[in-house]
Amino acid sequence: MSSTSMRTHQCGELRSDDIGQTVSLTGWVGRRREHGEHLAFVDLRDHTGITQCVINDDVDVRSEYVVRITGVVRARPEGTVNDSLPTGDIEVGDCEVEVLRKATPPPFPVDARADGVDENIRLQYRYLDLRRERMQRNLRIRSSVNAAVRKAMERQEFVEVETPMLVPSTPEGAREFLVPSRKEHGAFYALPQSPQLFKQLLMVGGVDRYYQIARCLRDEDLRADRQYEFMQLDMEMSFVGQDDVLDAVSEAVLDAAEAVTGERPGPIERMTWREAMERFGIDKPDLRFGMELTELTDVFSATEFKAFAGAEAIKGLKVDGAADDYGRNQLDKLTDKAKSAGAKGLVWLKCTDEGFDSPVAKFLSDDEVAAVKAAMEAQTGDLILIVADDWMTTCEVLGTLRNDLGRPPVHQGPYRYVWIVEFPLFVGVDKESGRPKPGHHPFTMPHPDDIDKFETDPMAVRSIAYDLVLNGWELGSGSIRIHEPELQKKVFTALGITDEEAARKFGFFLNPFEYGAPPHGGFAFGLDRLVAILAGEENIREVIAFPKTQNGTDPMTNAPVEVDPKQLADLNLKVLPKID
């Protein structure tokens with residue numbers, strides 16, 4: 001019900017069927033237009049929309065005044081219908097106006113024109129920015145997503161449990177926010193980066209299926225898809241394998257998309273990490289466009305071109321019809337981009353009827369030219385970019401170029417979800433220790449088919465870990481967890497974590513497993529990122545009510561701020577000069 005003791009309707013509700021009714025509306029004055037004959041038109045606005053009200057021009061109402069207007073709904077005169085408004089067929093006349101609160105003129109227009117206002121100004125006056133249709137829509141989309149996710153999890157018999165906000169420090173993850181303890185001198189809590197440890201302990205506790213729309217905090221550099229504090233759908237399940245987790249999460253994600261768009265996306269496809277890297281050069285591929293990487297290593301297996309000879313991997317990227325669009329300066333910039341991404345260089349080939357137009361064309365045999373064209377399915381006018389390097393560098397560099405050259409805006413349809421599975425358990429080797437570096441937290445289950453490779457080929461060990469990707473944005477990640485002590489010890493040994501170190505760092509977490517831990521796995525995805533894409537926004541700040549700026553400050557509250565010296569003294573803290 002939209003009616004209250006002060007209003008009968010909201011501003012976006014009235015239609016032609018209401019003509020003749022006496023109504024009371026409340027809201028903010030948008031625009032006021034004088035109309036002569038002692039009349040003025042006022043656009044009255046609330047979160048549902050706008051209604052035009054006709055008032056006496058001597059009534060003192062101005063922009064953003066809070067008012068209550070009572071009058072009679074009538075058809076707009078012929079020629080004045082506003083087809084751009086749902087309420088454009090009607091207006092409210094014979095109005096009585098009650099000013100509920102006068103307002104200071106706002107620092108920017110509270111409508112679509114504010115999109116061009118400096119973001120710091122918008123955030124300084126966020127309470128005004130939130131009145132705008134765009135921001136109201138985004139917050140309601142966010143509410144719809146949250147509600148749909150909750151319903152999906154409840155339908156699947158998950159139990160909502162709140163986990164602590166003051167937790168022990170776990171510095172192996174991202175940088176944390178620390179909270180000094182007043183009673184324990186020199187000791188600190190941390191704000192949770194995620195509920196990871198607690199949700200696994202809930203599985204030990206027999207909860208079986210847990211979920212939470214959890215607030216998480218990480219002291220990381222901010223960007224378009226990252227804030228210090230963010231919300232995620234966090235879940236964990238017992239007695240499950242990977243497919244069970246993926247199916248449960250997919251249900252919630254697809255429900256959320258349907259709640260916003262009115263259409264349910266199709267089943268979410270799955271792709272191994274290796275396939276994603278081979279085809280797209282990135283582990284969060286955007287499937288909305290083609291430009292897949294093409295394997296050319298065999299084509300140049302006997303090449304005499306020194307830049308290609310002996311390379312571990314050679315791959316190409318085709319840009320359809322772009323040969324004439326890229327002059328030498330632009331191609332030099334692409335080469336610089338490839339080098340900055342880690343490649344030794346970049347070979348470019350412009351396809352012609354005769355062969356290739358390129359400085360390196362003279363180094364390629366006729367058979368190589370024909371084979372490249374055939375493998376790339378190249379036509380006259382296409383541009384081909386080739387990188388020859390180690391496999392990972394080759395994939396990643398071309399993946400970067402693919403996104404730069406072809407990727408549409410993240411919110412532009414269609415919505416293409418994909419599960420990426422079988423991530424490597426280890427990523428690279430630590431130069432100092434010579435031991436493998438973990439690709440995930442150390443409680444991630446190794447793939448059962450790769451257990452025997454721990455000692456002989458650790459880089460080939462896959463994990464039962466998975467990411468959910470939407471339009472090239474990683475929404476979240478998860479894994480099946482290790483619940484057997486011998487396997488956990490094997491992983492710790494590979495990472496160089498001794499029994500003593502494991503007991504010191506993770507004892508409070510691992511000791512409960514001795515009392516019987518079920519097989520379990522879980523996942524978490526960022527609600528801010530999902531809502532941003534569904535709302536058509538490129539930046540998650542536009543779907544958060546009170547976000548921080550990119551440098552981590554809040555122009556509205558001026559946070560972070562210095563605190564009273566007495567507060568510091570109570571915590572036995574002292575601010576030292578900044579260390580450069």
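Modeller: Two strands pair if DSSP finds at least two bridges between them, and strands are DSSP runs of E with at least two residues, numbered from the N terminus, as are helices, runs of H or I with at least four. The model is predicted, so local features need pLDDT of at least 70 and side-chain atom pairs count only at pLDDT 80 or more, while totals for chains, interfaces and linings use all residues. Residues are numbered from 1 along each chain as its sequence is written, and side-chain values use heavy atoms, with hydrogens and water left out.

Biologist: Why are α3 and α12 called oblique?

Modeller: Helix α3 (residues 133-155) and helix α12 (residues 527-535) pack at about 125°, and their axes are 10 Å apart. Axes are lines fitted to C-alpha atoms, for helices over the stretch in contact, and angles run from 0 to 180 degrees between N-to-C directions. Angles under 35 degrees count as roughly parallel, over 145 as roughly antiparallel, 65 to 115 as roughly perpendicular and the rest as oblique. The two helices are therefore oblique to each other.

Biologist: Which residues of α3 and α12 meet?

Modeller: Contact means heavy atoms within 4.5 Å. In α3, Arg137, Asn138, Ile141, Arg142, Val145, Asn146 and Val149 meet Leu527, Asp528, Leu530, Val531, Leu534 and Ala535 of α12. By class, this contact of α3 with α12 has 8 nonpolar residues (Ala, Val, Leu, Ile, Met, Phe, Trp, Tyr, Cys and Pro count as such), 3 charged ones (Asp, Glu, Lys and Arg) and 2 polar ones (the others, Gly among them).

Biologist: How do you know that α12 is mostly covered?

Modeller: Buried means under 20% relative accessible area, exposed over 50% and partly exposed in between, with a 1.4 Å probe and protein chains only. In α12, 9 of its 9 residues are buried, among them Arg529, Ala532 and Ile533. Just after α12, Gly536 takes a positive phi of about 80°.

Biologist: Why is Gln200 called buried?

Modeller: Gln200, found in helix α4 (residues 196-204), has a relative accessible area of 0% and is therefore buried. Not counting residues up to four places away in sequence, Gln200 touches Glu236, Phe443, Arg481, Phe509, Phe513 and His520.

Biologist: What makes His520 count as buried?

Modeller: His520, in strand β22 (residues 520-526), counts as buried because its relative accessibility is 0%. Beyond neighbours within four places in sequence, the contacts of His520 include Gln200, Met203, Ser238 and His483. His520 and Ser479 are 41 residues apart in sequence and 9.0 Å apart in space, C-alpha to C-alpha.
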